[in-house]
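Q: Please take me through how to read a few features of this structure.

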Amino acid sequence: MSALRERLRISNLPKPARYSLGALGLVFLFLLPNKWFYEYLGIPLGFAYIPLYTTKNDMASVLFICTWIILLSLGLNVVVGYAGLLDLGFFGFFAVGAYVVALLTSPESKLLTEYNWLESPWPWLVAVPIGIALSLLAGVLLGWPTLRLRGDYLAIVTLGFAEMIRIVAKQQDWILNGDRGIPEVGHPPGSVGGEPLFSFDAKPYYWLALCVIILAVFLIRNLVRSRVGRAWVAIREDEDAAELMGVPTFRFKLWAFAIGAAVGGLSGTLWAGQANFVNSTTFSLENSILVLSAVLLGGAGNIAGAILGGFLVIYIPEWLRSVGDVFGLPETVTVGGSTYDISPTSLRFAIFGIVLIVVMIFRPQGLWPNRRRAAEIQHRKKEVAVGE
Amino acid sequence: MRVFGGVAAAVLIAGSAAACKADSEDGGSAACGLKIGVFGALSGDNAGLFVPAKNGVDLAISQYNEKNKDCTVELTTFDSQGSPDKAGGLATSASQDTKIVAMIGPGFSGESEVANAIFDQAKLPAITPSATRPSLSTKGWKIFHRGVGNDLSQGPAAARYIKNVMKAEKVYVINDQTAYGAGLTDEAKKVFGAGMIAGEDKTSEKQTDFAGTVTKVKTSGAQVIFYGGYTAEASLFLKQLRAQGWTGTLVGGDGINDTNMLSVTGQKDVEGTIATCPCAPATNAKGTFVADYKKKFSVDPAVYADVAYDLANIFLEGIKDGKSTREDLNTFLGSYNKAGSASGVTYKWEASGELDPAQVVVWAYEAKGGAWVPKQEIPKS
Amino acid sequence: MSEQPSLDKPSDAPEPTPSAAPAGDRKPLLEVDNVTLRFGGVVALNQVNFTLYEGEILGLIGPNGAGKTTCFNAMTGVYTPTEGAIRFQGGKISGQQRFKITKMGIARTFQNIRLFPEMTALENIQVGADAHHRTSVPGALLRLPRHRREEKDGLKLAHDLLELVGIGGTEHEAARNLPYGSQRRLEIARALATRPKLLCLDEPAAGFNPAEKQDLMQLIKKIRDTGVTVLLIEHDMRLVMGVTDRIVVLEFGRKIAEGSPAEVAADPKVHAAYLGVPADAA
Amino acid sequence: MNIGELLRSFPELTVTGVTQGAIYALVALGYTLVYGVLRLINFAHSEVFMVGTFAALFTWGLFGLDSNTERPSIGVALLAILAAIVVAAVTSAAVALLIEVTAYRPLRHRNAPPLAFLITAIGASFVLMEVAGSLTVRRPFGVPALLPSKPLFDIGGWAVTPTQVTTVVVAIAMLVGLDYFVQKTRAGRGIRAVAQDPNTAALMGVNKSRVIALVFILGGLMAGVAAVFNDIKTGSTKFNVGFLLGLKAFSAAVLGGIGNLRGAALGGLLLGLIENYASALFGSNWRDFVAFVALIALLMFRPTGLLGESLGRARA
């Protein structure tokens, strides 16, 4: 793919050029949610339409969703992509992070109103580390007994774990308040000219999340390029051989789980800060599956791939909402007296499903795979061996 | 990728030139080309509960446009899939489109928590046809209106019906763990008192197998079930109860007061089932609504379609009256007082956005011969 | 020290072969003590006894299914003996976690190559080198000094080992894409990176041509000369005879002979069991 | 905990549990067959099942039966059920085969990594579910009442309705038939051979593609039959009916030991019972929770499920 080649070429550039290119890229990312930016670029403005700008949904909100999904896929990429542990219930950790923040920062949390554990809501910033820590703990607690299980069994156990969290969250009379949820969740601090910086507008949250992603990428890269990352890949490649080469496999698998969980929890805390309201409907299994598709669509075992995948799984369906506007597609069709809704809005998940299949058929290693992994698959193609 | 570089370069120069703000959002011809938004689950699992409402609005607007060909109103949909985490962005997007002057929705209570806060900032008047969580009217939102009675009116009324009219001795209470279902049963339980409740259980959305609950109901000996929840589950549940030979009566709220309940459960099994509704029985006008709806969408109107139709017509009436801004329409709602043609409810709002309690009449409907037949108004005490 | 088993030497070995170190100053490195291993009803190893001394090259031979690889697996912790014990430098191995056994100083290669196929040659060796590194997640996350030092050391070791096994220049090739022979060598390098006291090679010459075998013999000797004890499972008699100091012969899970290559070659029991098999005859 | 509730309704919970378990088992077989041969979790199997429920509904429509019609005579009812079984089984099998040919086969030809299969499975599942959702306007559809609701017999509280009997009997027949097919026939031997060692099987002249297609068809057939009885049992169907049931059936397959046919049957049965007992003990809202706890606890002690893996060694 040309993007890959381009990347390679960029990495060949001298340092100053690379840094300024990186800086330019960052500025671009920070400008993305602004409508005027697209207009300025002169991208054709049709009937209040800009091709990249999502017309049916607030661009900043879409981008914010992208960012927290990207964080999730970064976390899951550690677990699935690097350590090779199939986790189907990753959204559970997101739920832990989100609920911790909601419980601690909302004045309507049952911790205040019913149990009187807290005197007053805590600030968001204090709740975030607690949320991350508890997600990490949840990862360890889940991993400790289950990481001895082999691949697909691990998958169903993690899936069960996420469902269990959802079922607990669903109980109306329990602390998480079920479907009624917890409103008035705290926001990040900071104000501009007396107005709180973080309120309903998604833009500041997007910028904040962008910074968090940059930090997360930096830290995960440190890990991946160290003994830890090598241990993970070794475990993924051949767990027994890794153990015989002196890799404490269980410990590193647990670490992968814990780190993935912590990043997932972090994503949850950010989201809760913006969402203002947390209830049990968000934590359905579909979301875990969506994040997994993000990782594999982008390219497992590659940070850039996880980011690309996380962006696309949100952006494609959201963008498809706007497509109907652009091309003036019919919304409904009548066949034999019955009317069917064929608007891209309602079919967008079907379209997304087709995209998943097509991408996997033509790029089984994902859109932006790890170079080595891609090479390996090319290699496998040549072999006569029968697929597993 | 080359584009990427170009874009990045352009950004640098862009810095100062942020001035080209959004193009002509002309305020000229006021009441034409305005938009009414519909906000709720249009895809995803809960779409069945809100698509009828969207259709109701769609019908109202197309009828309006038919009569006012020179100055039409446009329908804009916001598909939140019913989930609060998607609601924020869509609400922001709706707020930013200044042509949208009115909103029907959000459909569910959860997303309402998120979206209404944003609408309130944007002063965008919203009437929900279906979110019945009582606390929504206590948040201080000026734009919030509820087109139906909340859980506090319907739950106790249903309970009074079971207790005083049906004179049941034992009732089995079930809710589906949604905000709506749980709210309804919580309020109803207060009326029943502990002695009357033969047992309690909870179902979940998307559940299709109710064997465990059916068994519990049967062994409890209760002849009346109060079900707080929606048709999707209630119809299956009732059907499975009947298949296991249960002969009692199921009582539910407006969540089951739709034709799917009749058709999915089947005439024989559903016969005698009671659904309460904070709406008066059909007027003659309701007849044309059902026929029009069926003509346009090839299906029978389902839950909240009539309410949404009426609510959309209220906004359209305001627009016809020359109320072309959000503020004007919100004021218009404040003083509105008329009966809706499809639902028969008189729409008159309190300052909090709740329907005037005097207008909230709760009626009991009985499933009889393949239709919901009005039985009686439930006494207020 | 004179506590080495008395049964071992005197009766069977009239005079030590020149290449074997004299009995007196040899320290036992690994003792296989009456090890029996059963899988269900099958007895894979039956009361096997032998000792490995520091600095020697011991060949473990026997016909197919004699229990060589099983013995290997017991030594590296893959299996736990049903009876008996395996001691390494006096400490018991059986029941230890496998990565700890590696850390104690036993490294191995595999009969069917088991490299990490998607990792580069360099990274494969680095994984081995990591066995003695102490950096964990916090250190790597924050790039603490110890982490940087260990990375540097590991990288240097990896480069050196690639040179040692003779496949320098393949650093950034994915292991999967290396030619077969290089993969075998890479496996040895990876094992050596764990800084073993004992290196167990499981049929390292399988699929090699005579010239490659010759190179391998040189390599094994070179490794021994760096102070690493070598245990070698091999089918190729010429190679075994040429490189080992002593040989242990297994048949049907029992030890049937032990001694210098010459003694073993002369042993009628070995002839009957093993050399009688025409294909492998020396 | 409500032990009184459990004891009071124990017979009925058991009977309904077994019935539910029979349906789980049939669907679980689809997961287990495909897993046994391809080591692939066929996520789209739930939608194969969903299509079956609509095929059955359609068949009954041809009989002039809908949810409002009176219960037909026993003869007509049995005929309608039989017809629905045939139509649904064939439809489901066709959809399963379609998924295999369009989504999985191209990947196999390219030797894609296992996780790529998982994603196409998810994609196929999205497509089927969303298309069905659009076609049915996401509306539930009632199923005609076919068999009488009066229990066939009632001995000391152990009452069994005709629906339950039919479900269990047909399920057992399908299970036995499948077991026989896999154990005794030539095609079945092919399946076992590929499951055990694909390369050797290929060398021995087993046509792998054909075996894989066969496995998808068999799984589809089972899912189609399960769909008919799920229709009858729950009284309705909807575009997302497969999602939850698929999840449960997959759990059942894992519970029994994925890849193991008898394990799938046992796992389905157990899961059905656990669920029913759990809803009596803790309330229906904890039903799935208990089911997952039981699953996880079991895997702790038997990491490869109750009967262990392997389609090839199905006798184990």
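Q: How many residues does helix α2 of chain A have, and what span does it reach from its first C-alpha to its last?
A: This is a predicted model, where local features need pLDDT of at least 70, side-chain atom pairs count only at pLDDT 80 or more, and totals for chains, interfaces and linings use all residues. Residues are numbered from 1 along each chain as its sequence is written, chains are lettered from A in the order in which they are written, and side-chain values use heavy atoms, without hydrogens and water. Helices are DSSP runs of H or I with at least four residues, numbered from the N terminus. The expected span is 1.5 Å times one less than the number of residues. Helix α2(A), residues 15-31, has 17 residues and reaches 24 Å, close to the 24 Å expected.

Q: Which residues of α2(A) are buried, and which are exposed?
A: Buried means under 20% relative accessible area and exposed over 50%, with a 1.4 Å probe and protein chains only. Leu24(A), Gly25(A), Phe28(A) and Leu31(A) are buried. They lie on the same side of α2(A) because they cover an arc of only 125° around the axis, taken from the directions from the helix axis to the C-beta atoms. Lys15(A), Pro16(A) and Tyr19(A), on the other side, are exposed.

How values were computed: Helix = DSSP H or I, 4+ residues; strand = E, 2+ residues; numbered from the N terminus.
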